[in-house]
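Here is a friendly briefing to read beside the sequence and the 3D view.

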Amino acid sequence: RNPNEVGGANWSLSFTVTMISLPAAIQFYERKGGGEEAIKLAWAVVRYVIPGVLLAFVIFFTNMKKKYLGTFVSLQTGKGYKQELFKNGKEDSTKAMIFALTKHYWVGIEEDIKLWVQENWSRWEAEKPKWLDENTKAKIP
């Protein structure tokens with residue numbers, strides 16, 4: 001599953017379970033009397049896949065901005081993050097990013113969005129901010 005849907009912690013757990021399940025599935029297949037050639041091939045693949053993936057993750061984690069490490073253990077989903085950006089956004093342009101997203105992300109804050117639009121619409125019409133283009137206007141409730 002996508003980490004935006006389940007949150008970083010659940011994604012990390014799913015990834016770990018997947019890596020553990022590869023050798024577990026091979027062992028299960030061996031115990032059930034699976035073909036020797038298939039088992040040899042599977043173990044050969046696992047010997048390269050797991051260390052390769054782990055190496056890629058080490059490189060990834062050592063090169064990423066440290067402030068993002070917590071996202072891999074956070075329970076916050078992408079939807080929750082975008083809603084938080086809207087609620088805590090100081091600039092209208094930050095809050096307006098919600099219009100570029102699926103309306104699924106609006107569930108739970110739709111009334112806040114409507115109130116924000118009502119309170120600011122006349123000012124936006126006068127100021128004509130760059131983010132308020134025709135495409136964005138079409139998405140505003």
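Is P141 buried, partly exposed or exposed? P141 counts as partly exposed, because its relative accessibility is 42%, where buried means under 20% relative accessible area, exposed over 50% and partly exposed in between, using a 1.4 Å probe and protein chains only. Before going further, note that this is a predicted model, in which local features need pLDDT of at least 70, side-chain atom pairs count only at pLDDT 80 or more, and totals for chains, interfaces and linings use all residues. Residues are numbered from 1 along each chain as its sequence is written, and side-chain values use heavy atoms, with hydrogens and water left out.

**Overall build**

- The protein has 7 helices and 0 strands; helices (H or I, at least four residues) and strands (E, at least two) are DSSP runs, numbered from the N terminus.
- The radius of gyration is 23 Å, well over the 14 Å that the globule rule gives for 141 residues, so the protein is more spread out than a compact globule. This radius is taken over C-alpha atoms, and the rule is 2.2 Å times the number of residues to the power 0.38.
- Along the principal axes, the C-alpha atoms fill a box of roughly 75 × 30 × 25 Å.

**Inside and surface**

- Of the 141 residues, 26% count as buried.
- Carbon and sulfur atoms hold 60% of the accessible surface, which comes to about 10,000 Å²; such areas come from the Shrake-Rupley method with a 1.4 Å probe, and for residues only the protein chains shown count as cover.

**Confidence**

- The average pLDDT (the predictor's confidence in each residue, from 0 to 100) is 91, and 97% of the residues score at least 70.
- Among the elements, helix α6 (residues 110–127) has the highest mean pLDDT, 95, while helix α1 (residues 3–6) has the lowest, 70.

**A closer look at P141**

- You will find P141 in the segment after α7 (134–139).
- Leaving aside neighbours within four places in sequence, P141 is in contact (heavy atoms within 4.5 Å) with F99, W106, I113 and K114.
- P141 and E110 are 31 residues apart in sequence, and their C-alpha atoms are 8.7 Å apart in space.

**A closer look at K128**

- K128 lies in the loop between α6 and α7.
- Phi of K128 is near 50°, a positive value in a residue other than glycine.
- K128 counts as exposed, because its relative accessibility is 61%.
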